[in-house]
Amino acid sequence: MRAMILAAGRGSRLRPLTDTTPKPMLPIGGKPLIEWQIEKLAAAGVTGVVINLHHLGEQIREHLDDGSRFDLEIAYSEESALLETGGGVVQALPLLGDEPFWLLNGDIWSDFDFTTLPQTPPGGNKAAHIVLTPTPGHRDGDFDFADGWVTQRGAGYVYCGIALYTPQLFGGERPLVFSLRDLLFDLLAQQRLSGQIHSGEWHDIGNLDQYQQLQSRSR
């Protein structure tokens, strides 16, 4: 199984921390966030990880190197200009190969068990599978969910930034720069978006307050 971590973003809402440190390298409990993610993926049997880089990306590359100390292989997709989440995946497809892959946002911390994430989408190679969590009090919801499928945009759950995609979903004519949210909404409209619920810990490290709250919990 291969996976991709989206790590290219600027992290503007976490300034001034991200002026000198890329968001995925911010420490959580004394260890960079992206290192927690790599370790979880390796424990679930992932053998190769692709990481897209832009803002201060050399720090991520220098810290993780080729991934050998995690018993997996790390490859890097350099973006000379930000391609957003969808465009970043499209550029990285040659590194990901022809099989389904897991996708993970580089700015989340969670106790999610990746061994519970499917390795093939329940709806076939033209479908995707996402992880949802009950909507926390500090933000609005993204989707509603029932019987293993995302049913509509709604208030019940938020997308965790963890998903299973197939390369076939990214074929055809697409803009160079686009958001994966557009793809998810298209799949939802076509009833090709399955999912599962994670009820454990999940933190979206989007701003300084959220980062500081997670830091205080991890001490």
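Ring pairs join F101, Y165 and F170 into a cluster. Rings of Phe, Tyr and Trp (its six-membered ring) are taken to pair when their centres lie within 6.5 Å, with planes under 30 degrees apart called stacked, over 60 edge-to-face, and the rest tilted. The model is predicted: local features need pLDDT of at least 70, side-chain atom pairs count only at pLDDT 80 or more, and totals for chains, interfaces and linings use all residues. Residues are numbered from 1 along each chain as its sequence is written, and side-chain values use heavy atoms, with hydrogens and water left out.

**Aromatic contacts**

Over the whole structure, the search finds 8 aromatic pairs. One of them joins W36 and W109 in an edge-to-face arrangement, with 6.4 Å centre to centre and 80° between the planes. This pair links distant parts of the chain, since W36 belongs to helix α2 (residues 33-43) and W109 to strand β7 (residues 108-110), 73 residues apart. Helices (H or I, at least four residues) and strands (E, at least two) are DSSP runs, numbered from the N terminus.

The two partners fall into separate accessibility classes: W36 is partly exposed at 26% relative accessibility, whereas W109 is buried, with a relative accessible area of 18%. Buried denotes under 20% relative accessible area, exposed over 50%, and partly exposed the range in between (1.4 Å probe, protein chains only).

W36 also has a charged neighbour, as K31 lies over the face of its ring at 3.8 Å from the ring centre. In another such contact, the charged end of R153 sits over the ring of F185, 3.8 Å from its centre. The criterion for a charge over a ring is that NZ of Lys or CZ of Arg is within 6 Å of the ring centre and within 35 degrees of the ring normal.

**Cavity and pockets**

Rolling a probe the size of a water molecule over the atoms shows where empty space is left. On a 1 Å grid over the protein atoms alone, a cavity is a set of points where a 1.4 Å probe fits but cannot get out; a pocket is an open set with protein on both sides within 12 Å along at least five of seven lines, and lining residues have an atom within 4 Å of a point. Grid points are joined across faces, edges and corners, and a volume is the space filled by probe spheres set on the points.

The search finds 1 cavity of 30 Å³ or more. The lining of the largest cavity consists of W36, Q37, K40, L104, I108, W109, S110, F114 and I162, and α2 and β7 are the elements that give two or more residues to it.

The volumes and lining classes are tabulated below. Ala, Val, Leu, Ile, Met, Phe, Trp, Tyr, Cys and Pro count as nonpolar, Asp, Glu, Lys and Arg as charged, and the others, Gly among them, as polar.

| Space | Volume | Lining residues by class |
|---|---|---|
| Largest pocket | about 910 Å³ | 12 nonpolar, 12 polar, 9 charged |
| Second largest pocket | about 200 Å³ | 4 nonpolar, 6 polar, 2 charged |
| Largest cavity | about 70 Å³ | 6 nonpolar, 2 polar, 1 charged |

At least two lining residues come from each of α4 (84-96), β6 (101-105), β11 (157-165), α5 (180-189) and β13 (202-204).

For the second largest pocket, of about 200 Å³, 12 residues form the lining, and P136, H138, W202, H203 and D204 are the closest to its centre. Two or more residues are given by each of β8 (128-134), β13 and α6 (208-218), and α6 gives the most, with 4 residues.

Strand β4 (residues 48-53) is largely enclosed by the rest of the structure, because 6 of its 6 residues are buried. Both faces are covered, with G48, V50 and N52 on one side and V49, I51 and L53 on the other. Strands pair if DSSP finds at least two bridges between them. β4 pairs in the parallel sense with strand β1 (residues 2-6) over 5 bridges, and R2 stands opposite G48. β4 also pairs in the parallel sense with strand β5 (residues 73-78), over 6 bridges, where V49 stands opposite I74.

**Backbone features**

Most residues other than glycine have a negative phi. L56, in the loop between β4 and α3 (57-64), has a positive phi near 50°. D71, in the loop between α3 and β5, has a positive phi of about 65° and is exposed at 73% relative accessibility.
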